[in-house]
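Biologist: I have a model open and would like to learn how to read it feature by feature. Could you walk me through it?

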Amino acid sequence: MGKITDEQKQIIESFSCERLSDKQENRNLIKSFKSEKGRSLVSYLQHLAWSEDTECKTAYYLIKYPDGEVALFFSLKCGALFDPLDEDIIKQRAKRTQEWLQIVQDMNKGGQERELALQLLENFRSGQDIPAEQIKKRIKINARQAQMILDQLNYDKEHEENEQIIRVGHTYPGIEIVHFCANDAMKKKWKSFNINHPMGEVMFWQYIAPIIYEVQESIGCQYAYLFAADTSEDGNLINYYNVALKFEQPTNVGTNKPSYDLCCVFMCQEVNELRKKREEYFDNFNPDENDIIA
């Protein structure tokens with residue numbers, strides 16, 4: 001694959017990206033925005049986006065052709081991902097470590113208690129050259145930590161007055177791409193540029209990705225994420241977000257899913273990788289003569 005050409009780069013850089021509410025004229029421009037597949041998004045843009053953008057609840061952006069026509073719009077807002085917290089696992093861990101501690105403390109009793117303790121110590125030592133006393137110390141520390149976490153959980157549940165609090169494991173700061181929609185009325189104009197990539201894909205890497213990783217320079221931000229509203233049987237949209245925009249479907253982190261996204265698929269990627277992925281995208285923008293295009 002070959003790098004983006006200077007001509008292609010000049011075309012892409014001739015577009016502009018601006019906040020919706022930065023110019024009063026944008027209120028009229030968005031009235032002609034059309035998307036057959038994204039009609040609900042367009043309705044949101046035309047009726048609610050202006051107030052949300054001016055109040056900074058959600059940041060809406062317009063990407064415009066050089067002549068000022070709107071090519072697509074997208075919106076961003078802060079969010080959070082998390083590891084789920086399984087209270088049963090916390091209770092089981094505290095119980096198990098207390099049982100281990102009790103077995104070790106019963107070592108001097110002799111008989112069955114001593115045999116259990118020796119077996120436990122050997123299991124911990126398996127494959128490791130660690131003295132028995134060090135193993136005992138670790139068991140005591142693990143038991144104390146597990147019990148402390150359980151005590152903190154119980155205390156928090158008893159004293160937290162806000163019943164809407166959801167307890168989780170770890171939290172990860174993120175930026176959500178709330179809306180991402182191209183203007184059907186402007187797609188013919190994009191085709192006239194003879195760029196062998198969809199407009200939304202190119203504009204994501206040219207304009208949206210830099211906003212996300214530049215935000216990270218001011219505040220902590222680990223993930224970029226979205227909810228893919230894919231109703232197709234073959235998952236076309238999910239595949240597009242994965243292959244073209246590099247979003248994945250994680251199994252190790254979760255997030256809060258609002259009611260309007262209940263039929264959507266959660267996807268995310270690490271912000272630290274965005275800059276590198278953007279460079280790779282434009283470095284492999286055009287097929288080489290010997291590339292086989294399916």
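This is a predicted model: local features need pLDDT of at least 70, side-chain atom pairs count only at pLDDT 80 or more; totals for chains, interfaces and linings use all residues.

Biologist: Leaving aside neighbours within four places in sequence, which residues is threonine 255 in contact with?

Modeller: Residues are numbered from 1 along each chain as its sequence is written, and side-chain values use heavy atoms, with hydrogens and water left out. Contact means heavy atoms within 4.5 Å. With neighbours up to four places away set aside, threonine 255 is in contact with Ala80, Leu81, Phe82, Tyr225, Phe227 and Phe266.

Biologist: Where is threonine 255 found, and is threonine 255 buried or exposed?

Modeller: Helices (H or I, at least four residues) and strands (E, at least two) are DSSP runs, numbered from the N terminus. Threonine 255 belongs to strand β6, residues 254-255. For burial, buried means under 20% relative accessible area, exposed over 50%, and partly exposed in between, with a 1.4 Å probe and protein chains only. Threonine 255 has 17% relative accessibility, so it counts as buried. Its side chain also reaches the backbone oxygen of alanine 80 at 2.8 Å.

Biologist: What about phenylalanine 266, which residues does it touch?

Modeller: Phenylalanine 266 sits in strand β7, residues 265-270, and is buried at 13% relative accessible area. Beyond four places in sequence, its contacts include Leu81, Tyr225, Pro250 and Thr255. Phenylalanine 266 and isoleucine 238 are 28 residues apart along the chain, and their C-alpha atoms are separated by 9.5 Å.

Biologist: How do I read a helix such as α9, and where is its kink centred?

Modeller: Start with its span: the expected value is 1.5 Å times one less than the number of residues. Helix α9, residues 199-215, has 17 residues and reaches 24 Å from first C-alpha to last, close to the 24 Å expected. Next comes the bend at a residue, the angle between axes fitted to the seven residues ending there and the seven starting there. In α9 a kink of about 40 degrees is centred on tryptophan 205. Because 15 of the 17 residues of α9 are buried, the helix is largely enclosed by the rest of the structure.

Biologist: Which residues touch the most other members in the largest nonpolar core?

Modeller: In soluble globular proteins, nonpolar side chains tend to be buried together. A nonpolar core is a set of buried Ala, Val, Leu, Ile, Met, Phe, Trp, Tyr and Cys residues joined through side-chain atoms within 4.5 Å. The largest one here has 45 residues, and those touching the most other members are Phe15, Phe74, Ile177, Phe180, Met203, Phe204 and Phe247. Helix α9 gives the largest share of this core, 11 residues. Phenylalanine 247 touches Ile177 and Phe204, among others. A second, separate core of 12 residues includes Phe33, Tyr60, Leu62 and Val70.

Biologist: And backbone angles: what is the phi of asparagine 194?

Modeller: Most residues other than glycine have a negative phi. Asparagine 194 has a positive phi of about 55 degrees. Asparagine 194 lies in the loop between α8 (187-191) and α9, and is exposed, with a relative accessible area of 66%. Lysine 246 also has a positive phi, near 70 degrees. Lysine 246 is in the loop between α10 and β6 and counts as partly exposed at 37%.

Notes: A polar contact is a pair of N or O atoms within 3.5 Å; within protein, one must be able to donate a hydrogen and the other to accept it, and residues adjacent in sequence count only if both atoms are side-chain atoms.
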